[in-house]
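Here are some notes for a first look at this structure. Please keep the sequence and the 3D view open while reading.

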Amino acid sequence: MRKEAPAMSFVKRFFRALLRGFLRVTALLLFVATFAYFGGLLWTLDLPAPRYAAFSAPKIQDHRLVLPFSPGVASAKVATFHDQLEAFLHFEYLRGRQARDGSDTSDILLTALDTPSGPSYEIFILCDNDLLTAVPRLTELQGRNLISSYDFTTWTYKDLAYYQQQSHTFDVAYGAPAGQKLESLNSFQLRPALARFLVFKSQTDNRVLYGAGDSAPRPLSRDQATQLASDILDVARFYDLPLDYFLGVGAMENDYMDVNGDLDHAVWKKRAQRDDIVLRRTRKRVMVSDYAIGTWQITRETLRAAHQLYLKDKRDYSLLPARLRPPRVLDLNSVDDAVLTTYAGLLLRGLLDHFGGDVAKATGAYNGGVKSPNPAYAAGVKTVAEYVRRVLEHAPALDDSATNTSPNANSPAAQPDALASVPVLPADLAAPPASAPQQKPPYRRADD
């Protein structure tokens with residue numbers, strides 16, 4: 001039998017191995033391709049559609065460069081709230097600060113919509129359709145802590161007309177006379193709205209907005225505000241105080257925050273008393289520290305006088321909650337802030353009695369003293385009193401009626417809940433006017 005040459009045998013083995021390798025690689029590639037194909041069918045990638053088209057190309061308009069970013073009405077969402085009163089307070093505050101700077105406020109809108117988690121209230125600012133002007137404007141507001149952030153969006157002109165109507169609805173509803181007077185509302189009705197008002201005032205205090213580090217006071221938490229609201233209502237009822245003016249004093253003094261003030265203030269006395277912080281002595285007099293204490297900014301010497309009034313007072317203090325009752329012995333260096341609310345109410349009651357119920361003189365004397373009441377301070381208290389009266393009188397009516405909130409819902413049956421708490425407007429107020437009336441913003445101190 002003839003045998004193959006060794007060279008031929010080697011060549012055959014080589015080609016067989018090459019063919020087997022090629023077939024294996026081909027099978028592997030076919031397997032990967034098949035897996036990728038069926039995997040792509042099973043794993044669908046959903047790409048979110050853009051809300052609006054990509055930015056338009058820069059162009060020259062009115063002899064300047066502009067960079068449009070919206071195919072419709074350009075706007076920016078600057079705040080979102082889930083509480084209507086809180087949203088309206090911040091809406092008015094933003095407009096008030098802008099109006100004081102001479103800016104047009106008709107482009108600031110408060111809107112309402114329904115979400116799966118409940119009503120949502122959003123504040124929008126209409127913008128120029130130009131990133132080169134819109135961004136600097138919004139960044140400037142952000143730098144002044146008037147807004148915390150912004151998110152550009154685009155509206156159709158139908159959207160714009162509807163949201164202008166919504167914003168006007170809020171204006172008219174909160175500006176119209178309320179169904180009940182403040183004096184007829186009980187604590188259960190007032191406490192939640194008052195707590196939200198206290199939080200708002202503390203959040204918008206300039207020391208909070210522009211303070212740095214540990215030196216900035218902390219705004220009230222919701223729990224702190226709820227407790228303080230209860231204390232204020234209890235004290236106002238106990239001393240028969242006008243609640244709106246009592247709240248006006250608290251806003252003027254410290255925006256309801258427990259922060260000592262006028263730390264360098266001092267007075268001369270003939271002799272030092274218990275708990276005095278003596279700063280200087282002479283042969284006949286002593287200088288003692290007289291800084292203002294806590295939420296109501298009562299000076300140490302005034303607090304000593306208020307305690308004497310308390311000791312002489314014939315009212316039944318057992319009617320007050322225990323936490324509000326002053327101790328029989330005053331410790332100036334350790335006074336609970338809740339008790340300071342009682343002292344503040346007692347001082348204001350005494351001033352009202354002294355001036356025969358004249359709230360202007362009484363509130364002016366809270367700051368300037370009985371001999372020289374401060375008229376500017378009294379005017380500030382009155383402005384806050386009028387504002388807080390309007391806010392609190394409307395708060396209990398927030399569940400009285402319903403208003404349509406969907407731009408696409410045209411039938412009376414389709415009435416969502418986001419504006420359900422805004423009173424129904426008369427027919428002649430259904431359409432937004434050229435310029436919605438601007439309500440007075442909360443009073444701010446001259447340095448705000």
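Predicted model: local features only at pLDDT ≥ 70, side-chain atom pairs only at ≥ 80, totals over all residues.

1. Begin with a pair in the sheet region. Arg280 has Met287 in E9 as its bridge partner.

2. Strand E8 (residues 278-281) pairs with E9 in the antiparallel sense, over 3 bridges. E8 and E9 form a hairpin, and 4 residues lie between them.

3. E9 has another partner. E7 and E9 are also antiparallel, with 4 bridges. Here Lys269 stands opposite Val286 in E9.

4. Now turn to helix H9 (residues 300-312). Its 13 residues should span 18 Å at 1.5 Å a residue, and the end C-alpha atoms are 19 Å apart, which agrees. Which residues of H9 are buried? They are Arg300, Leu303, Arg304, Ala306, His307 and Tyr310. These cover an arc of only 160 degrees around the axis, so they sit on the same side of H9.

5. What do the buried residues of H9 pack against? The list holds strands E7 (266-269), E9 (286-289), E10 (292-293) and E11 (298-299), plus helix H10 (337-354).

6. Helix H12 (residues 375-394) is the last stop. At 1.5 Å a residue, its 20 residues should span 28 Å; the end C-alpha atoms are 29 Å apart, which agrees. Of the 20 residues, 14 are buried, so H12 is largely enclosed by the rest of the structure.

7. Look also at the start of H12. A side-chain oxygen of Asn374 comes within 3.0 Å of the backbone nitrogen of Ala376.

Methods: Residues numbered from 1 in each chain as written. Heavy atoms only, no water. Helix = DSSP H or I, 4+ residues; strand = E, 2+ residues; numbered from the N terminus. Expected span 1.5 Å × (residues − 1). Buried < 20%, exposed > 50% of the residue type's maximum accessible area, 1.4 Å probe, protein only. Arc of directions from axis to C-beta. Contact = heavy atoms within 4.5 Å. Pairing = 2+ DSSP bridges. Polar contact = N/O pair within 3.5 Å; in protein donor to acceptor, adjacent residues only side chain to side chain.
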